[in-house]
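Subject: Structure for your review

Dear colleague,

Please find below the structure we discussed, together with its sequence. A summary of the findings follows it.

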Amino acid sequence: MESTRTSHLAPRALPIHVTAAALVDAAGRVLVTRRPAHKHQGGLWEFPGGKLEADETVEAALARELHEELGVTPRACRPLIRIRHDYPDRSVLLEVWRVGAWDGEPHGREGQPLDWRLPEAMDPAEFPAADVPIITALRLPDACLVTPEPGADHDAFLARLEAALARGVRLVQLRARTLDQAALAALYRRAHALTAPRGVPLLLNAAPELARALDADGVHLSGAELARTDARPLPPGWRGRARWVGASCHDAAQLARAAAIGADFALLGPVQPTASHPGQPALGWDAFARLAGAARIPIYGIGGLSAADRDTAWAHGAQGIAAIRGLWEADGAS
């Protein structure tokens, strides 16, 4: 009976393939444009772009749309995020590129209002729902340090953390499974005293209850914690201080669950074999790209990676790379 009822439903049409650009100026501001009131999602702000034409590459469509809408030609750009979103009346597949340099002065060639906004000041309620992960991707850095176990000498551990911050690390996950809650809380407070003045979010890899008790910058959910979590464990904090929620994932089901609970991003891997998980099968970049391309939140690649892998990660749909040794060691060894 069930198959009889559903067999007459029309299948959802293929998503509308769209390319969009995040033009980022020297001050870190991003150009946004307002949609005409009569169009789908009219009146909301968006990132400039448009539909791909038949047999057109994403890069060609991006250049064409930026010329038609803004009168500029991109010179330096890279993939930022690929997102599919299903509205009640249509589906869209957004391929968004970060454009850091261009020729020409952006202006609304179609009469559309323009504005330059810092990602932290963007209100997701003013954008189409499909654009919310783009805002998240713009707010996140391209690398996430996962700390190694701290060992017995916490002073030495914190000195290494300070050195990593001095090298430019902009997002840190404190992971210390060998510590009890009291010791982990004490170490978090000391580490936060180093990260906070630099504006670097420090996420706690632990139970969400401890993260809330510490008023942490965010929480990172292990696979086990993700399975136990039914709703976002921290408020998003879009304005003012951000409260990040990350999750460790290994497959499509975990990525879907991370998105469903409202996680901001996920770490997906291992991409390559790692010394910390000997014998665990690696995804490889092709499988990573398939999983990241179907995800609905920004994805970092993790497992045997270092800063030298950023370009490869971007080319395969990643926000960037996450690493322990690859970002903890001064020489970037993975």
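In the largest nonpolar core, which has 54 residues, Leu161, Leu204 and Ile299 touch the most other members. Such a core is a set of buried Ala, Val, Leu, Ile, Met, Phe, Trp, Tyr and Cys residues joined through side-chain atoms within 4.5 Å; buried means under 20% relative accessible area, exposed over 50%, and partly exposed in between (1.4 Å probe, protein chains only). Helix 5 (residues 181–195) supplies the largest share of this core, six residues. Leaving aside residues up to four places away in sequence, Leu204 touches, among others, Leu174, Leu184, Tyr188 and Val219 (contact means heavy atoms within 4.5 Å). A second, separate core has 22 residues, including Val18, Phe47, Ala130 and Ile135.

This is a predicted model, in which local features need pLDDT of at least 70 and side-chain atom pairs count only at pLDDT 80 or more, while totals for chains, interfaces and linings use all residues. Residues are numbered from 1 along each chain as its sequence is written, and side-chain values use heavy atoms, with hydrogens and water left out. The average pLDDT (the predictor's confidence in each residue, from 0 to 100) is 92 for the chain, and 93% of the residues score at least 70. Over residues 1–11 the pLDDT is below 50, and this stretch has zero contacts in the model beyond near neighbours in sequence. Where pLDDT is low, the predicted coordinates should not be read in detail.

Four strands form an open sheet in the order 4-1-6-5, with mixed pairing. Helices (H or I, at least four residues) and strands (E, at least two) are DSSP runs, numbered from the N terminus; two strands pair if DSSP finds at least two bridges between them. Strand 4 (49–51) and strand 5 (73–86) are the edge strands. Strand 5 pairs with strand 6 (residues 91–103) in the antiparallel sense over 12 bridges, and Asp86 has Ser91 in strand 6 as its bridge partner.

Asp86 also forms a salt bridge with Arg296, with the closest N and O atoms 3.5 Å apart. The criterion is a side-chain nitrogen of Lys or Arg within 4 Å of a carboxyl oxygen of Asp or Glu, and the whole structure holds 22 salt bridges. Asp264 and Arg232 form another, at 3.1 Å between the closest N and O atoms. Asp264 is buried, with a relative accessible area of 8%, whereas Arg232 is partly exposed at 21%.

Yours sincerely
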